[in-house]
Amino acid sequence: MTVTARPTGTGPRVAVLAYDGMSVFELGIVTEVFGTPRPELGVDWYDLAICAESRRPVRLLGGATISTGNGLDVFATAQTVVVIGVDDPHGEFSPALITALRAAHDRGTRIVSICSGAFALAAAGLLDGRRAATHWRYADLLQRRFPAVRVDPDVLYVDDGDVLTSAGNAAGLDLCVHLIRKDFGPSAANAVARRLVIPPHREGGQAQFIEAPVAVDVDDDRIAQSMSWAMSRLDRPIAVDDLARHAHMSTRTYLRHFKRCSGTSPIRWLIGQRIQASLTLLETTTASIDDIAAATGFDNAVTFRHHFLRTMRTSPTAYRRAFRRADNRRPDAM
């Protein structure tokens, strides 16, 4: 297939690097978020450019190829450049790419990596002295290869202003939506997240591994029904015995089946759902922290703050403040 060089929007240019051996999915994250037209948002949406180091076709995993007329000259002059997961984090990077990344950074371009793309940024010296994220699988290797980088192996992504790095593919989606939030405000970010059918906001400091339910097997519909029952009354106290009774199981049996279905405990799952429910209230209301704690089923604000900090790596007040700052930067608010 051939990728043409025509612009996808009239707003700030985002350039993503295509390279031999890349995953179509990782490229698709960037093209879907920044390349899909979104006229319903009423903003000058991004102009996406897929770039490559040479004019020859780029070989993808699975045997397909793509071609693009955009070279490193286009890449280095975009407002935002994205390097997706590299094919060999042990390998070296071409002098041309290193030069392009440094030139882009020097002229004020926002530099972004997804997954092992952080290795290219580190090779260019752009992560020296900075905190950075990558996929947990590569965190130790990144630290060994580039000891000047302060690798954080746990978080979803790190926003260090002009340089942003993320963990694995799903975290790359989170980071891309975070960029929309910074550029166009939370309303636009939430609208795109809904289109993508992903959570509207996961804080970058959130751990890569969060205790959360996975899809429940059809033969465990009693567990699924108990979850739905709990979700409809998160503002009320819910004990494990209540969940077990609703599933028509003994507490011990329920705990065993719930762990098998979801990979976590009912209490941890409930806390996660309560935290998720609180995000909307923090984003869209002026309710006090005490009122939000009560509305989402926490015993008190102290307990809410404790669990929020453990899950989101920030406080409810700081989360709300950051959200409001982004909302004030919306084009329609300027």
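Colleague: Let's start with A49. Buried or exposed?
Modeller: A49 is buried, at a relative accessible area of 2%. Buried means under 20%, exposed over 50% and partly exposed in between, with a 1.4 Å probe and protein chains only. Before we go on, this is a predicted model, so local features need pLDDT of at least 70 and side-chain atom pairs count only at pLDDT 80 or more, while totals for chains, interfaces and linings use all residues. Numbering runs from 1 along each chain as its sequence is written, and side-chain values use heavy atoms, leaving out hydrogens and water.

Colleague: Thanks. Where is A49 found?
Modeller: In strand β2. Strands (E, at least two residues) and helices (H or I, at least four) are DSSP runs, numbered from the N terminus.

Colleague: And which residues does A49 touch?
Modeller: Setting aside residues up to four places away in sequence, A49 touches R13, V14, A15, V16, N70 and V74. Contact here means heavy atoms within 4.5 Å.

Colleague: How many bridges join β1 to β2?
Modeller: Six, and the two strands run parallel. One example is R13, whose bridge partner in β2 is D47. With β5 (residues 80-83), β1 (residues 13-18) pairs in the parallel sense over three bridges; there, V14 has T80 as its partner.

Colleague: Why is β1 largely enclosed by the rest of the structure?
Modeller: Because five of its six residues are buried.

Colleague: Switching to the helices. How do the axes of α8 and α10 cross?
Modeller: At roughly 90°, with the axes of α8 (residues 221-231) and α10 (residues 251-262) coming within 10 Å. The two helices are therefore roughly perpendicular to each other. For the cut-offs, under 35 degrees is roughly parallel, over 145 roughly antiparallel, 65 to 115 roughly perpendicular and the rest oblique.

Colleague: Which residues make that contact?
Modeller: I223, S226 and M227 come from α8, and Y254, H257, F258, C261 and S262 from α10. By class, that is five nonpolar, three polar and no charged residues. Ala, Val, Leu, Ile, Met, Phe, Trp, Tyr, Cys and Pro count as nonpolar, Asp, Glu, Lys and Arg as charged, and the others, Gly among them, as polar.

Colleague: What are the buried residues of α8?
Modeller: I223, S226, M227 and A230. Looking down the axis of α8, they fall within an arc of 100°, so they line one face of the helix. The arc is taken from the directions between the helix axis and the C-beta atoms. They pack against α9 (240-246), α10 and α11 (266-284).

Colleague: And S226, which residues is it in contact with?
Modeller: L243, H246, A247 and Y254, leaving aside neighbours within four places in sequence. S226 is buried, with a relative accessible area of 0%.

Colleague: Last topic, backbone angles. What is the phi of C115?
Modeller: Near 60°, a positive value in a residue other than glycine. C115 sits in the loop between β6 and α4 (118-123) and counts as buried at 6% relative accessibility. H248 also has a positive phi, about 60°, although it is not a glycine. H248 is in the loop between α9 and α10 and counts as exposed at 66%.

Colleague: And overall, how many helices and strands are there?
Modeller: The protein has 14 helices and 10 strands, and buried residues make up 51% of its 334 residues.

How values were computed:
Axes fitted to C-alpha atoms, helices over the stretch in contact; angles between N-to-C directions. Pairing = 2+ DSSP bridges.
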